[in-house]
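Take each stop slowly, and turn the view as you go.

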Amino acid sequence: MRKFRNAYVSSVILVMFLFSSIYSFAQATGTIKGTVKDANGQPLQGASVQVQGSRGGTTTDNSGNYSLSAPTGKRVLIISFVGFGTQRMDVVVTEGTTLQQDAALSDVGDLTNVTVIGSRNASRTRVQTPVPVDVIPISQVINEIGQVDVNQILNFIAPSFQSARQTISDGTDHVDPAQLRGLGTDQVLVLINGKRRHQSALVNVNGTVNRGQVGTDMSAIPATSIDRIEILRDGAAAQYGSDAIAGVINIVLKKRTGLLEAGISYGGYVTNYDKNFALYKITNKADDPSVKVTDGNTLQGSIGYGFGIGKGYLSVTGEFINRLGTNRTGTYTGAVYPNVGGVNRDDSIMAARGQTRNTFDMRVGNSAMKGGAGFYNFGYPIGANGELYVFGGYSKKKGEATGVYRYPSGIPGNATTYASNVFALYPNGFLPEIHSDIIDFSTAAGFRTKFNDWNFDISNTFGMNKFEFGVENSVNYSQFAVAGNNQTKFDAGGLKFLQNTVNADISKKYNVLQGLNVAAGLEYRFESFGLISGEEASYKNFDVNSKAAAAAQVFPGFVNTIGDDKTRNAKAIYIDLEQDFTDKFLLTGALRFENYSDFGSTLNYKFSSRYKFSEAFNIRASLSSGFRAPSMQQRFFAKTNTLFVSQGGILVPVQAGTFTNDSDPARILGIPKLKEETSQNYSVGFTARPFTGFELTVDAYQIDIDNRIILTNNFTGGNNAQLKAQLDAVGASTANFFTNAIDTRARGLEAVASYNVRFLRKHSLRTTLAMTFIDNEVKKGSDGKPIIHASDILVSSGQLANYFNREDQSRVEVASPKNKISLAFNYKYSKFSVMLRFVNFGKVIYLDPSIDPANPGVFPMNAFNGNQRETLDQEFSAKTVTDLSLSYQIITPLAITIGANNLFDVYQDKHTHSGNMSTGRFVYSRRVQQMGFNGAYYFARLKLTIDTKK
C-alpha cells in the first residue's frame, strides 16, 4: 500500500505541475445560447449542441434552450437530434459576450448524434465513423423504461450487449457479468468521459457464464447521472490499450447547468411460475404446477442539479436503490430428514411439526441489494481554450443472497460429537446467507487546452473497488465439537483492487488534402490487488479428525496467502492518424506500444477506412490487432470455495481450492505460466440513408483470440502425494487454476435500421430494429476436438478433462444467445408518449461436462420419463420479451410513466431432465443465460424537471 501511495502522490504532483505550466497558455471564452425547435416551432428537448473540435457540449432543456461556453474566434456550432437533420452553423465568439444562436431543425434527417469515441481528435456522426458506434441517450430513454441499472438498461437496448443476473453463485450474485459480442466480460473496456474505468475486485469463480473472468461494475454508476453511452463495436487496443478486444463502452456524464432533475420509481414482479413442476412430474399429478408470486420490489430515487460556476459547470447526482430479492425455486423432492433403518420419515416428521416441503425452500433468483451512489462532473473554462475538469463518484452497496439449503439429512452424521449440537440449533436444517459489502470510489482530474493549434490534455484517474463478504445463518461444523459454541455469523474477508492512470495526450488538425488529424500520447498505469483475511472461525478446521467440511458453510472465509498487496505498472505510447483524402475517402491508423512490469511488451496496430459513395451510402472496414493482459485478480486470486458439482445429475458439495498460477500445486501439475491474450480483428460494413427518415447500418466482423484465459475445473490429488499434501494444507479436496488454455474465433453480423417520421404537426414515431447474429467457437483440430494448450504433465496425468471440458466449451459457444433482435416503437403526441419494445433472445444450449455423448449407457436416469437413461444436454428455445410504457407530461415540470417489462410473463424453458433440477429445486437453468427467469415486472415512475434559469 505504501508503494501505491507514493505512486499516487507522485502522479498528483505531476498533474498539478503540468496544470500550472499549461495555465499560462489559457485564453478567453465567450458564451453561446439559444433555442432549438423543429420546423413547426415546437421546442426539442435533449438536442445535442457542440462546438466542433471541442470535447465540451450540452443538451437542450425541456423548453429547447441551451447555453455553453466556447473559445473565442470563428467556430462551427453543431446541433443534432435523433430524427432531425444535423445543423452546422458558422459563428464568431467574442470574449466576455453572449451570442444568441437559435436553430430550427428540419424533420427526419440523419438520425444521428455526434460521437467522440473511436477518434482522438475529431467528432463525427455515427454514420460517418469508419467503425460501428452506438449512441444511446440514457438521459432520455431512462424515463420510459423499468430497468434501473446500467447493465439491465443496455441488455434490452443494445443487441450486442448481454447481461443476465446470476443466482447461487457466491459474489457473482451481486455483480452482473456482462458481454459484448458474446466475448468475455473482461474483453470490453469501459471508459467514463473518455478515461479508463477500473475493474471490480471480484473474479467470477463459480459455474456461471463468464467463469474465471473479471468485469467492470457498471451498476456502481448511477444511471441517472449519465447523459449518453457510446458503444464502439470494434477492437480498439491500439487506441485505448488492454481489454479493448470486443469493443469499448464510453459513459458520458451529464454537464447541463441550471437544471434540477428528481425522480422516483417503484415496481415489482407479479408472476406465475411452475414451482411444483418436478414434484408433480415425479408423482404423476395432473394439477397445475404454477404458483403466483409477488416479489423483487424495487425502489429507486434520484436527484441531480447542474450548478453554473462562473462560466463552468458542476453536475451532481445522487441515487438510492433498494431492490428486494426474487425467488423462483422449485419444490424440493429429496430427503429432508435422516432415514432411520433405511426408512424415510419425512412425511411423519413434517406432519408432526406442521411443515410442508415449501418450508425448506431455497432462494433461486435475484439477490437483494440496497445501496446509494453520488457522482459529479465538473468543468471550468480557463481562457479561450483551456478547461479544468474533475469527475468521479462514490457508491456503497449491501447485498444478500443464499446458497444451497443444508437439510437435516445432509448434516454430517459421521461426527456425532457435533451433529447433535448442530441439530439443537437448526432442527430443520438451515439456508446459509452470503452478505456483500461493496465500496467503489473513483475520481479523475485533468486539464485540456489549445496552443498553436495543438490540443493538450493531461489527466490523472484513480479508482478502487473493495468487495467484502459476510456469512449469516450458517455454521462451521468443526467448531461445534465444543458444546455451546453456537456461532452463526462470520466475517469472511474479501478482495480489493485499485488502479491509477496518468495520461498525456496531444492532437492537431493539419490542412493536408481534406484534413489530417494527428494524435499521440503517453500513459502510465499502476494497479494493486489484495486479499482480506476473514475471521479465524470462517475458515479454520477446529476438528482435524472430522471428515466434515470445515469453515463457514456456503462460503469459507478468505485467508491471505499472497502476503502484501500485489502491484504492477504498465507504460504505453501511441500515435493515431486520421486522413481525409477527399470529402469521400477517410483512412485512419493507430499504433500503440505497451510494456507491463510483470509480463513484458506488446505492439498493436489498427487501420480503418470509410468511403462515401454518396450522402446516402457509405462503406467502411477495419483491421486491427489487440491484447488483454492477465488481470491482477487472475494472477493472484487464491481461495477455497464450496462448489456444488454435478455428479450424475446430483449436486455434490466439493471444497475446491483456487491456487495462483505460479503456486506449488500448479507446478506439480505442469500448469502453463499465464501470459497475455492476443487478438486479430476484421470488420466490414456499410451505412445507408436511401430516403428521408431512414437509416441502415450493417457490419460483419471476425475476432480471432489466441491464448484465452480460463479457470480450469477441479483436479484431485489422486495418487500424487505432493498435490494431496498441498490440498490438505488448505482444507481442499480439489484444485483449480487460471491458465491460457484455448484459442477462439468469433464471427458475427450486426444491423441497425431506424425510421423516424413526424406527421400531423405534433405526432412523431421512431421505429428501431436492431439485430446481432453471433457465432463463437473454440478452435478445433482436424479431428473436430478443441485445441487445448496443456503441458505434457497434464496430458499424461489422465486429468485433461478437468482442464477444459464440454461445459467450458459451451460457455464460449452456446451458453449465451447466438442472436438477439430488438424492435422498438416510440410514439409521441404533444404531452403523451408510448414505448413498445420486443426483444428476442436466441436459443442457448447446456452441455453436461461429465457425460460422454458417444456412450449413452452412462447417461443418468430421467425421472420425468420413466427413469430412462437420457443425456443432461438441453437446448433452450428462443424467447421474446415485450416491454410497454405510457408517459404523460402532467404539468411542465412533472411527468409520469407507468409500464411493464416482460408484459406477457415469459420464462426460459424449464429443465426437461430431472438430473438438471437438483431434486426439483432448479426449475430453470442457471448455467445458461437469456433474459433471466423472474417474469413480469410492473413499475411507475415520476420525473420532476425544473429549469432554474427561467
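The stops below begin with the confidence of the model and then visit single residues.

**Confidence**

Begin by colouring the chain by pLDDT, because what you have open is a predicted model. The mean pLDDT of the protein is 88, and 91% of its residues reach 70 or more. Next select residues 12-27, where the pLDDT is below 50, although this stretch has 25 contacts in the model beyond near neighbours in sequence. Then select residues 108-112, another stretch with pLDDT below 50, for which the model shows 32 contacts beyond near neighbours in sequence.

Now move to Asp-453, which sits in the loop between strand S23 (433-451) and strand S24 (454-472). Most residues other than glycine have a negative phi. The phi of Asp-453, by contrast, is positive, near 70 degrees, and this residue is not a glycine.

From there go on to Ser-830, placed in the loop that joins strand S39 (819-829) to strand S40 (832-841). Ser-830 also has a positive phi, of about 50 degrees, without being a glycine. Its relative accessible area is 38%, so Ser-830 is partly exposed, a class that lies between the cut-offs of 20% and 50%.

**Phe-659**

Select Phe-659 next, and look for it in the loop between strand S32 (650-658) and helix H9 (664-669). Is Phe-659 buried or exposed? Phe-659 counts as buried because its relative accessible area is 10%, and the cut-off for buried is under 20%. If you show the residues around it, leaving out those up to four places away in sequence, you will find that Phe-659 touches several others, including Phe-637, Pro-665, Leu-727, Val-730 and Phe-737.

**Gln-874**

Finish at Gln-874, which belongs to strand S44 (residues 874-876). With a relative accessibility of 6%, Gln-874 is classed as buried. Which residues is Gln-874 in contact with, leaving aside its neighbours within four places in sequence? They are Val-844, Ile-845 and Tyr-846, together with Lys-910, His-911, Thr-912 and Asn-916. Of these, display Thr-912 with its backbone atoms, for the side chain of Gln-874 reaches the backbone nitrogen of Thr-912 at 3.1 Å.

Conventions. Residues are numbered from 1 along each chain as its sequence is written. This is a predicted model: local features need pLDDT of at least 70, side-chain atom pairs count only at pLDDT 80 or more; totals for chains, interfaces and linings use all residues. Side-chain values use heavy atoms; hydrogens and water are left out. Helices (H or I, at least four residues) and strands (E, at least two) are DSSP runs, numbered from the N terminus. Buried means under 20% relative accessible area, exposed over 50%, partly exposed in between (1.4 Å probe, protein chains only). A polar contact is a pair of N or O atoms within 3.5 Å; within protein, one must be able to donate a hydrogen and the other to accept it, and residues adjacent in sequence count only if both atoms are side-chain atoms. Contact means heavy atoms within 4.5 Å. pLDDT is the predictor's confidence in each residue, from 0 to 100.
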